[in-house]
Amino acid sequence: MKKIKKYSYKDISIICENLYSLYNDGLQMAKSIELLEEFPLKKDYKLSIKNISDEVKKGSSLSEGFSKFDYLYPQFLAGMISIGEKTGKLNDVFREMSIYYKRKDNIKKEIIGASIYPAFLLGSMLLMCNFFIFFLIPQLEEIYLSLG
């Protein structure tokens with residue numbers, strides 16, 4: 001069964017931001033990932049963090065761990081982590097990815113917020129049209145017929 005790719009930019013941002021902070025404070029990456037299991041993340045992300053932590057402890061790279069969960073983490077993120085590992089700038093990658101995914105989450109929320117008002121107006125107009133067609137016009141018809 002193939003899993004549907006539905007990314008939670010908020011959770012990805014939380015993961016990247018905290019990996020940046022923990023790694024910047026001098027913790028080893030394996031310990032930093034292990035600490036992420038305590039953060040308020042969705043169930044799928046918590047399970048993925050546990051599995052990524054196990055993979056890193058076994059000797060796999062961090063990017064390999066993230067790539068195994070391509071339905072939760074975009075390929076772009078795994079690619080950037082891989083570049084960060086190869087160049088030694090993993091901390092900078094996590095900082096920038098945190099900013100990037102936080103912006104994506106904000107844009108997504110703004111689009112949804114901006115779509116609510118037009119949807120409300122459209123729904124209201126449809127209700128008013130139905131009211132006129134099924135209630136008001138038949139009553140007016142009766143009044144005009146009674147007047148002759």
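## What you're looking at

This is a predicted model, where local features need pLDDT of at least 70 and side-chain atom pairs count only at pLDDT 80 or more, while totals for chains, interfaces and linings use all residues. Residues are numbered from 1 along each chain as its sequence is written, and side-chain values use heavy atoms, with hydrogens and water left out.

As for confidence, pLDDT is the predictor's own score for each residue, from 0 to 100. The chain averages 86, and 96% of its residues reach 70 or more. Among the elements of the chain, α5 has the highest mean pLDDT (90) and α2 the lowest (83). Helices here are DSSP runs (H or I, at least four residues), numbered from the N terminus.

## Helix α5

Let's start with α5, which covers residues 75-87. From first C-alpha to last, its 13 residues reach 18 Å, close to the expected 18 Å; that expected span is 1.5 Å times one less than the number of residues.

Leu 77, Ala 78, Ile 81, Ser 82 and Gly 84 are the buried residues of α5. Looking down the helix axis, these fall within an arc of 160 degrees, so they line one face of α5. The arc is taken from the directions between the helix axis and the C-beta atoms. That buried set packs against α1 (9-24), α4 (62-67) and α6 (90-147), with contact meaning heavy atoms within 4.5 Å. Over on the other side of α5, Gln 75, Lys 86 and Thr 87 are exposed. Just past the end of the helix, Gly 88 takes a positive phi of about 80 degrees.

## Helix α2

Now for α2 (residues 29-36), where Met 29, Ser 32, Ile 33 and Leu 36 are buried. Viewed down the axis of α2, they sit within an arc of 95 degrees, so they also make up one face of their helix. Their packing partners are α1, α3 (43-58), α4 and α6.

## Salt bridges

A salt bridge here is a side-chain nitrogen of Lys or Arg within 4 Å of a carboxyl oxygen of Asp or Glu. By that rule the count is 7. Back to Glu 96: its partner is Arg 95, with the closest N and O atoms 3.4 Å apart. Arg 95 also bridges to Asp 92 (3.2 Å, N to O). Arg 95 and Asp 92 are 3 residues apart in helix α6, which puts about one helical turn between them. Arg 95 is partly exposed at 31% relative accessibility, and Asp 92 is partly exposed with a relative accessible area of 31%.

Asp 105 is buried, with a relative accessible area of 12%. Separately, Lys 31, Glu 34 and Lys 57 are linked in a network of salt bridges.

Ser 8 counts as buried, at 8% relative accessibility. Leaving out residues up to four places away in sequence, Ser 8 touches Lys 42 and Tyr 45.

Definitions and conventions: Helix = DSSP H or I, 4+ residues; strand = E, 2+ residues; numbered from the N terminus. Buried < 20%, exposed > 50% of the residue type's maximum accessible area, 1.4 Å probe, protein only.
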